[in-house]
Number of protein chains: 2
Amino acid sequence: MRNIQVTPGAATLLALLAAHGALSRTDLAKHSGLTQGAVTKALRPLLDEGYVHELATEPGRVRAVGRPSTPIELRADREDVLGIKLTDDTAIGVLTDLRAEVRHSAELPLPSPDVPEVVGVVARLARILLERRDSEGIPVAGDRARRLGLAVSGDVDRTRGLVRYSPFLRWRDVPLADLVAAATGLSVTVENDVKSLACKELLTGAGAGLRSFAVVTIGAGIGCSLVVEGTLVAGAFGVAGELGHLVVDRAGPACHCGSRGCVEATASTAAIEHALASATGTQGLSVLDGARLAADGDEAAARCLTDAGDAIGTALAAVANLFGPQRIVVTGEGLDAGPLIPAAARERFQRQAFATAARCELEFRPMPLLGWAAGAAAVAVQNAFRPTNRTASSSTVRTRRSDEALQVRQAVQ
Amino acid sequence: MRNIQVTPGAATLLALLAAHGALSRTDLAKHSGLTQGAVTKALRPLLDEGYVHELATEPGRVRAVGRPSTPIELRADREDVLGIKLTDDTAIGVLTDLRAEVRHSAELPLPSPDVPEVVGVVARLARILLERRDSEGIPVAGDRARRLGLAVSGDVDRTRGLVRYSPFLRWRDVPLADLVAAATGLSVTVENDVKSLACKELLTGAGAGLRSFAVVTIGAGIGCSLVVEGTLVAGAFGVAGELGHLVVDRAGPACHCGSRGCVEATASTAAIEHALASATGTQGLSVLDGARLAADGDEAAARCLTDAGDAIGTALAAVANLFGPQRIVVTGEGLDAGPLIPAAARERFQRQAFATAARCELEFRPMPLLGWAAGAAAVAVQNAFRPTNRTASSSTVRTRRSDEALQVRQAVQ
DNA sequence: GGGATTACTTTCCCAGATCAAGTTTTTGTC
DNA sequence: GACAAAAACTTGATCTGGGAAAGTAATCCC
C-alpha cells in the first residue's frame, strides 16, 4: 500500500474489516487476538492514510450504558485494483475496489496464445479499464490502481508470478507477472483462476472468517480449490484440487484423461451435452436446452442433468470427508441450468458425507464470467494487505531461504 | 521442557534437528530463516540445558577452505517420553526418546471401556514403563519422562485434551487428558491415532521437512491424515481424512455407513475376510491365509487381495489429486499380507493420478502395533518443542480469543 | 453532579529478531 | 612462516511489534 508500512497487526485488521464490514476497536481486538492498545496503534497509520475511517457511533445499540463504540470501516474506495481473467480466446477485465467488488468491466479478444501478444492485450485492457473510469467520471477517492491481478487456468506459481503450465494457452514456464509488470508499470500478481476465486471468498465472500472451506466450479471443466486453516492448498507439484478427475463411477464414460467415470466425464458442460445428444437423439443441444426440455417433462434430458448433479454430489462428499470444510461453495457457468443439478448433488452428498462431515454447508451460486476477473482482483488485494516485510528487499540470500524457512516455521505451530 | 523457555526460534531449531539430524549453525540459519546471530542466541539455552550438543567437526568435508562448521545434534536421550495407544481391549505403551524412537514397551489389557478403569490402566501402564526402564538399568542421560501422549481412534480435540467421540470405546466428551494427568502427574496430550502417526512422520519420519504429505492406514478400518503446508488438517466438525468412506465403486458391496462401495467395504480386514469366505467357500480365513492361498496360486483368493489394493489405489489417487502431497505413506496391519495389495494399489494409482499428481511418492510400510504408541509419543514431543507462550497463562480472555484469533492471523499470510 | 460502565489511549517495557561489525579457525600462497 | 582468503560463528547495538496496566473519554442512570 502506498506510503504505508503494513505491520502484521495492520494486515490482520484489514482482513477482518474486509470480511466483517465495520467493527469497533474493541471488537477488532477480540477478533484479532491483539490487545486494544495494539489495535489503536496499528489503526493510526491506516486512518492517517485513509485506508479506514471512523463511522458515527451506531445509533441502534442495545446496551445503553457506557461509552459508545466507534465503528471502523475499511475505505474500500481508497485504491482501485484491476483484475483480468485470461481464457483461451478472451481477456476479461474488471476494475474493483479494495473489497474486490466490481466497479466496471471491459473485455478484449485474444487472437492467439502468443505470449507477447497476450501481454500486449492485457496491457491494453488495463489501460482501457483505467481510462474508462476516468472518462465516465467515476469518483476517485484515492489512488489510481497500481495493482493488477491475473487469473489463468492451469498450474501457476504465485510467488514467482510464473505460469508453469496452461493447457488452454499452451504455455510452459511463462514469467507472466514480470512481463505484464514491465508492460504496464503495475504491481502484478498471477494466480490460478479457481484459487483466485477462493481468495475472493476468503477476502469478503462465503469464506470470510472460516477456518476451512472449498470452492468448486463447474462448467467447461470441474475445478476445486481448498482453504485449510486459512491457507490455500497449493500442492507439492502444482496440482491440487483436481476434483475433476476423481472417479465417481468406474463403469462411467471414458474421460480424456485416460481414466473412466471422472466427474468431468459426467458433469462438465461438454459431457452433459454429449449425454443429452445420445439420450434425446438430437444433436447440438446445449445444457440450457437440456434444462428447458427437462422442465417440459423430458425424462431423458432430466436424467442427464441429475446424473451430472449426482456425480458432483459424490465429489462434494469426497471433499467433505477428506477435509471437513465448514462450507463448500459451488459456482460456475454449469449452475445456470436450473435446480436439477444442485438438487441431485445435495441428495447424493447427504448420503455419502460421513458423520459430522454432512454438517458442511453447500452453497450453490451461479456466477457471471466477470466473477473470475473479480477473483483475480482479490488476489491483488490480498497482496496489498500482506505485511510488508522489510527484510524481503535486504538480500538475495533471504529470498532464497524464505521458501523452506516458512515451511519449517509453520510446521512448528 | 524443564527449566527452559522455548522461544519460537528455539522451537524451529528443535524441529529441524529432530528431522534432519545434525546441522551446523549456518545450515540451521539457512533452513530456519533466522539469522546466524539469532541461531547462536537461541541455541545457547538449549546447549546449557543439554537438549542439544556440539559434535566434532565433521571430517569428510569437501571444500577445505574456511573455518570448519560445528554440527549441532539433538540430544534425543535428554528426556524420556511416554506414548500409549488405546484400542478397544488393550493399552499399548512405549517409552521413547525425544525423536519418538521406541526404547521399550509394555502392554495391559483393557477389561472394559469404563472411563475410570481405563484411566487407572493407563496410569498403571505408565508406571510400569517408567519402572521397567529403571529396573533394566537403561542409561538415563536426562530427565525421567514427564510427558505422556495418548492416541485414540475417533474424534479428538487435541487442544482441550478431549475425546469427543470414540466409537470403539463408546465414549463421548471424555476429558481424558485432564483425567490421566490427575492420575499420573504427567503432562498429557491426547490425539487421534492416525493424526498421531502423522505427527511422528512429521517429526522424524517420512514427512520430515515436507510441505505436504499424507498418512494412510489400512487394517480394521481405513484411516487417513493429511498434512498441508506443515499443518495437520483438523476438519471443521472434527471429521477429516475420512478416506474409508470414499466411494470407489458405486456397484460395490454395502458398507456399514449406509453407502455402497466405500474403500472400507472393500479393503478393510473384515471386508477382505468376508470376500475371501465367499470367493473360496471356506469360512474363517484370515487375510494372511488369503495371502498364502494366493501365493500358492489360488486365483480367487488373489483376486480378493488385488480388489482391495485396487480400491486403495483409487483412494490414494483421490488424495493425490485433491491435495497434491509430496508423499503418501501407507501403513498399518493390512500391509502384512504381502505384495499383492501394494502392487494393485500402485497400478491403479498410476492410472488415476492426474498429471503431476502422479509424481507423488507412495511408500508402503508395514508397522507393528507399537508404531501407534510411538505416534502418541511423537505428539507429546511436538508439544515439548512448541514455544512456551507466556501469555497463555495470563488471562481467560486471551484463551477464549485465541481460537478465532489464530485463524484470522493465519488467513493473513 | 457523581457513580457505573464501557471504549479507547497512553506510556512504559520487553522479547525476539535483525544488522553489521567483530573474532575464530581453517586452507592456500608466496 | 607470515599473510591473505574464506567460511563459521559471536557480539552488541538497535529496531520492531506487541503486551500490561494505568489513565482518559463518553455515555447512562440516579
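Mentor: Start with A:R170, found in the loop between strand 9 (162-166) and strand 10 (171-174) of chain A. Helices (H or I, at least four residues) and strands (E, at least two) are DSSP runs, numbered from the N terminus. This is a predicted model, where local features need pLDDT of at least 70, side-chain atom pairs count only at pLDDT 80 or more, and totals for chains, interfaces and linings use all residues. Residues are numbered from 1 along each chain as its sequence is written, chains are lettered from A and ligands numbered from 1 in the order in which they are written, and side-chain values use heavy atoms, with hydrogens and water left out.

Trainee: Why is A:R170 called exposed?

Mentor: Buried means under 20% relative accessible area, exposed over 50%, and partly exposed in between (1.4 Å probe, protein chains only). A:R170 has a relative accessible area of 67%, so it is exposed.

Trainee: What is the phi of A:R170?

Mentor: It is near 55 degrees, a positive value in a residue other than glycine. Most residues other than glycine have a negative phi. B:E229 also has a positive phi, about 50 degrees, and is not a glycine. B:E229 lies in the loop between strand 13 (222-228) and strand 14 (231-232) of chain B.

Trainee: Is B:E229 buried or exposed?

Mentor: Buried. Its relative accessibility is 8%, so B:E229 falls under the cut-off.

Trainee: Why does A:S112 count as buried?

Mentor: Its relative accessibility is 19%, and the limit is under 20%, so A:S112 counts as buried. A:S112 sits in the loop between strand 6 (102-109) and helix 4 (115-135) of chain A.

Trainee: What makes the pair A:S112 and A:E117 a polar contact?

Mentor: A polar contact is a pair of N or O atoms within 3.5 Å; within protein, one must be able to donate a hydrogen and the other to accept it, and residues adjacent in sequence count only if both atoms are side-chain atoms. The side chains of A:S112 and A:E117 are joined at 3.2 Å, so the pair qualifies.

Trainee: Now the two chains. What makes B:D310 and A:R250 a salt bridge?

Mentor: The definition asks for a side-chain nitrogen of Lys or Arg within 4 Å of a carboxyl oxygen of Asp or Glu. Here the N to O distance is 2.8 Å, so the side chains of B:D310 and A:R250 meet in a salt bridge. The count between chain A and chain B is 2 salt bridges. There are also 16 residue pairs in polar contact between these chains (both at pLDDT 80 or more).

Trainee: How many residues of chain A are in contact with chain B?

Mentor: 74 residues of chain A are in contact with 74 residues of chain B. Contact means heavy atoms within 4.5 Å.

Trainee: What is the area buried between chain A and chain B?

Mentor: About 6400 Å², of which carbon and sulfur atoms give 55%. Buried area is the accessible area (1.4 Å probe) that two parts lose on being put together, summed over both. A:F237, A:R250 and A:L322 supply 13% of what chain A buries against chain B, more than any other three residues.

Trainee: How many residues are in the largest nonpolar core?

Mentor: It has 98 residues. A nonpolar core is a set of buried Ala, Val, Leu, Ile, Met, Phe, Trp, Tyr and Cys residues joined through side-chain atoms within 4.5 Å. Those with the most contacts inside it include A:L316, B:V263 and B:V319.
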